[in-house]
Amino acid sequence: MKYIFYNQTLTKKARENRKSPTPAEQKIWLDVLQGNKLQDLKFIRQKPLDAYIVDFYCSEYMLAVEIDGDSHGEQEEYDQKRTERLNALGVTVIRYSNEDVMTNIAGVYEDLKKKIVGLGRPKKS
């Protein structure tokens, strides 16, 4: 795993985001990611990477999990550019919709577990 530099001004915003998560972010955090529940992996919330803040990040796999709200339908181009930049830095981005998280958390858990297995061994720098 390698360190990814980030814009230091994002630290305050990330801290604010951690204090007021969306309902979907709170649900996936409590039900799936917090406390190494998913394959004993450590995820952190609202992690600044480069010029962005990702919802959840696992440094061992250089994996970002993003929860897309209703407004993301209007942001597809931005999200694609953001994903491409993170991919260029070696970060894999996996996205789920608010609706998926709120109505099918078991399916999200299984899908994420399968995708992590598909990534193979953790990335090393």
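Okay, let's start with Arg95, which is partly exposed, with a relative accessible area of 25%. On that scale, buried means under 20% relative accessible area, exposed means over 50%, and partly exposed is in between, using a 1.4 Å probe and protein chains only.

Quick background: this is a predicted model, where local features need pLDDT of at least 70, side-chain atom pairs count only at pLDDT 80 or more, and totals for chains, interfaces and linings use all residues. Residues are numbered from 1 along each chain as its sequence is written, and side-chain values use heavy atoms, with hydrogens and water left out.

So what does Arg95 pair with? Asp79 forms a salt bridge with Arg95, with the closest N and O atoms 4.0 Å apart. By salt bridge I mean a side-chain nitrogen of Lys or Arg within 4 Å of a carboxyl oxygen of Asp or Glu. Asp79 sits in helix 3 and Arg95 in strand 4, 16 residues apart. Helices (H or I, at least four residues) and strands (E, at least two) are DSSP runs, numbered from the N terminus. Asp79 is buried, at 6% relative accessible area.

Arg95 also meets the side chain of Asp68 in a salt bridge, 2.7 Å from N to O. Asp68 lies in strand 3 and Arg95 in strand 4 (residues 92–97), so this pair ties together parts 27 residues apart in sequence. Asp68 is buried too, at 14%. Shared partners join Asp68, Asp79 and Arg95 into one network.

How many salt bridges does the structure hold? Seven. One of them links Arg82 and Glu66, closest N and O atoms 2.3 Å apart. Arg82 is in helix 3 (residues 76–88), and Glu66 is in strand 3 (residues 63–68). Both Arg82 and Glu66 are buried.
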